[in-house]
Amino acid sequence: MEVDPARVVRWVEGFAERHGPPTTTALGYGLLLTAPDGATAELHTPPGARPAPDLEAFAGVAAAPRRLGLLLARKGAVAVGVADGTDLVVSKVDTRYVQGRTAAGGWSQQRFARRRDNQAKAALGDAADLAVRLLLPAAGTLAALVCGGDRRAVDTVLADRRLAPLAALRAERLLDVPEPRHAVLVAAVSAARAVHILVR
């Protein structure tokens with residue numbers, strides 16, 4: 001589950017009420033809470049936040065403002081932005097037509113597939129150019145680059161050599177987003193800052 005950083009302490013209090021007071025262990029990914037009944041909760045440090053030794057410090061660094069780059073990509077659309085804390089301060093969305101699948105068979109199907117692949121490559125090339133224009137100048141100020149959408153599309157964009165400084169900042173988290181639009185990019189700011197919690 002994804003929890004807003006401002007609600008992490010309250011969430012842990014609820015976990016303690018349900019399972020008993022947990023012991024807290026700091027690990028590389030964040031914190032591990034182990035309750036007396038055997039239930040565990042892994043609190044993953046949000047992208048760009050520093051590791052923390054205990055819950056109070058974890059909640060503080062998770063909620064602290066930081067600059068994040070956002071790159072959301074699917075075959076025919078891309079959205080890039082820079083978030084300063086909870087505010088989206090730079091943004092651009094670009095879409096290109098990429099032909100859908102066809103029910104035709106034989107040579108026609110192969111021709112349509114080639115055309116679709118060429119359209120997708122052109123769209124992702126434009127996406128890389130957009131990232132160079134908007135994200136690359138901010139790379140030195142970013143705590144992390146958070147990506148979302150289709151993993152293959154994101155990988156293709158970041159494979160552009162010009163984007164090596166951004167690829168080095170890429171967070172492990174991949175946001176599950178629909179086709180990138182401005183509203184999706186705005187919503188991605190909260191998702192990028194959220195604390196990922198895995199309960200067992």
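Residues are numbered from 1 along each chain as its sequence is written, and side-chain values use heavy atoms, with hydrogens and water left out. Because this is a predicted model, local features need pLDDT of at least 70 and side-chain atom pairs count only at pLDDT 80 or more, whereas totals for chains, interfaces and linings use all residues.

An open sheet is formed by 5 strands in the order β1-β10-β4-β3-β2, with antiparallel pairing. Strands here are DSSP E runs of at least two residues and helices are H or I runs of at least four, numbered from the N terminus; two strands pair if DSSP finds at least two bridges between them. At the edges stand β1 (2–3) and β2 (23–27), each with a single partner strand, so one side of each has no neighbour in the sheet. Within the sheet, β4 (residues 40–44) and β10 (residues 195–199) run antiparallel and are joined by 4 bridges. E42 stands opposite L198 in β10.

Strand β5 (residues 67–74) contains G69. This glycine is buried, with a relative accessible area of 0%; buried means under 20% relative accessible area, exposed over 50% and partly exposed in between, with a 1.4 Å probe and protein chains only. Leaving aside neighbours within four places in sequence, G69 is in contact (heavy atoms within 4.5 Å) with G81, L135, L142, A144, L145 and V146.

In α4, the buried residues are A153, V154, V157 and L158. Seen down the helix axis, the buried residues of α4 fall within an arc of 130°, so they line one face; the arc is that of the directions from the helix axis to the C-beta atoms.

Helix α1 (residues 8–19) holds W11 and F15, which are 4 residues apart and therefore separated by about one helical turn. W11 and F15 are both buried.
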